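Please keep the structure open as you go through the points.

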Amino acid sequence: MNWFVNDRFGMFVHWGPYSLAARHEWVKTREKLTDAQYQPYVDHFSPDLYDPAAWARTARAAGMRYAVLTTKHHDGFCLWDSDLTDYKAPRDLVEPFVAACRAEGLKVGFYHSLIDWHHPEFPVDGTHPLRDVQPLPERDISVYRRYLHGQVRELLTRYGTVDYLFFDFSYSGRSEWWGGKGPEDWGSKELLAMVRELQPDILVNDRLGIPGDFVTPEQYQPSAPMPSPWEACQTLNGSWGYDRDNLDYKSADLLVKMLVDGVSKGGNLLLNVGPDGRGRIDPRATALLARIGGWMELHERSIRGCGPAEYPAPADCRYTRRGDRLYLHLFSWPLRHVHLPGLAGKVRYAQLLNDASEIRLVSTDPDQQAQNTRMGGQAPGTLTLELPVQRPEVLVPVVELFLE
Ligand code: GLC
């Protein structure tokens, strides 16, 4: 778990035939497409611009330290040369991804869908593209289960050390999905035991329907620290797969605030890109990651190895802490002063992190009366920082506090 809570920031990559449809990775079920109707995307999936080294460089430059690739998504299409199916990419696309990650010093992660809308023995349920086809075909999930376990074994025995595994997803009891599927369907206990046997140090998420090593809030920011190690997985525009006409992109400063907010609550951020059908990360995504990278270049130590602090943060601010360093992240820039409850006498020096310029510490007598330009005293134990009027030109300004 050490690398995970140290690195804090990773890249999620959703890529497959749905990238050619370019209208969300659930296109097959949203449009209730048959295998034949979905086949053109499979037939035309030949990514001539696929350059995983460029992906890995983009991730590294953004400040990410691990990367997670969809080996198979819900459509059942495999990006590696599985012996168990022909429903796969024209060549092994996973091996070069793994090699590129290692070359950039990134930890390697695999996403693997438990759901499979292509496998002939995956019973149709409310999520399935064929849910309206009557009569429903008789299917034997035990056959699919063996296939699932067999493919996971392939992935965990062919590419060396795999550091992270994101199964997706269990949905037991979901009435809208006809009762859904869960641990019994996947054989989760046996599957997890096999995973741990093959890769003893691997981290596995919480979506097998049984406890994993970390929990995975999705597309929302937890409002408080979560009970166990956690990682929020987030999109740039709401879709995981490449979604050409979806321009609902988050701003760079919002994305940095999501990263900081998560770390201030003890969590990681897994930020997604959806490369297009040719294998290129689209320019809007690349530009956003580059801006985040610009901020990380100056502020990395306020994220790496940091976690929550025990002090209450002022309004519109977050704290991250590592040892005797406390980082005050200012989501909005106040006029001249910010008051830090509980920190009086606890800070020996302070500076803006982006340029190491000193920030003056002010302790006011709590009984001091306000008069004209002299402000009144703050609550006992409050430390006040004197800020420049000009907000530093960074996505999120940070004051580094050196604790006594
Ligand atoms: C959800 C989506 C799936 C996506 C995953 C990422 O399960 O259904 O498409 O891959 O989240 O976390």
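1. Let us begin with the lining of the largest pocket. Its residues fall into seven nonpolar, six polar and four charged. That makes up a lining of 17 residues, and those nearest the pocket's centre are Glu25, Trp26, Asp168, Glu218 and Trp240. The volume of this largest pocket comes to about 200 Å³. Please bear in mind throughout that the model is a predicted one.

2. Now for the overall picture. The chain has 404 residues, and 56% of them count as buried. It contains 11 helices and 14 strands. If you take the contacts between residues at least 6 apart in sequence, 70% of them join residues at least 24 apart.

3. An unreviewed UniProt entry annotates residues 2-299 as "domain: Glycoside hydrolase family 29 N-terminal".

4. Which residues of helix H9 are buried? In this helix, which runs over residues 188-198, they are Ser188, Leu191, Leu192, Met194 and Val195. Viewed down the H9 axis, these buried residues fall within an arc of 160°, so they line one face of the helix. Lys189 and Glu197, on the other side of H9, are exposed. The cover over the buried residues of H9 includes two helices, H7 (141-158) and H8 (183-186), along with strands S4 (164-168) and S5 (203-204).

5. Helix H6 can be read in a similar way. Within its residues 94-103, the buried ones are Val94, Phe97, Val98, Ala100 and Cys101. Around the axis they cover an arc of only 165°, which puts them on the same side of H6. What do the buried residues of H6 pack against? Their partners are helix H5 (52-62), strand S3 (107-113) and S2. Have a look just past the end of H6 as well, where Gly105 takes a positive phi of about 70°.

6. Why does Thr29 count as buried? Its relative accessibility is 4%, and the cut-off for buried is under 20%, so Thr29 qualifies. Setting aside residues up to four places away in sequence, Thr29 touches Trp117, Thr127, His128, Pro129 and Arg131. Take Arg131 as one of these: it is 102 residues from Thr29 along the chain, yet the two C-alpha atoms are separated by 8.8 Å.

7. Asn268 is another polar side chain to inspect. You will find Asn268 in strand S7, which covers residues 267-273. At 2% relative accessibility, Asn268 counts as buried. Which residues are in contact with Asn268, leaving aside its neighbours within four places in sequence? They are Phe4, Val5, Arg8, Tyr66, Trp230, Glu231 and Ala232.

8. The largest cavity has a volume of about 90 Å³. It is lined by 13 residues, with Asn237, Ser239, Tyr249, Gly274 and Asp282 nearest its centre. By class, the lining of this largest cavity holds six nonpolar, five polar and two charged residues.

9. The second largest cavity has about 30 Å³ of space. Trp15, Gly16, Pro17 and Tyr18 are among its lining residues, as are Thr70, Thr71, Lys72, His73, Asp75, Phe77 and Leu79. Where does the largest share of this lining come from? Strand S2 (residues 66-72) supplies it, with three residues. The lining of the second largest cavity has five nonpolar, four polar and two charged residues. S2 is also part of what the buried residues of H6 pack against, as described in point 5.

How values were computed: Residues are numbered from 1 along each chain as its sequence is written. This is a predicted model: local features need pLDDT of at least 70, side-chain atom pairs count only at pLDDT 80 or more; totals for chains, interfaces and linings use all residues. Side-chain values use heavy atoms; hydrogens and water are left out. UniProt positions are given in the numbering used here, feature names are shortened, and annotations may be inferred rather than shown by experiment. Buried means under 20% relative accessible area, exposed over 50%, partly exposed in between (1.4 Å probe, protein chains only). Helices (H or I, at least four residues) and strands (E, at least two) are DSSP runs, numbered from the N terminus. The arc is that of the directions from the helix axis to the C-beta atoms. Contact means heavy atoms within 4.5 Å. On a 1 Å grid over the protein atoms alone, a cavity is a set of points where a 1.4 Å probe fits but cannot get out, and a pocket is an open set with protein on both sides within 12 Å along at least five of seven lines; lining residues have an atom within 4 Å of a point. Grid points are joined across faces, edges and corners, and a volume is the space filled by probe spheres set on the points.
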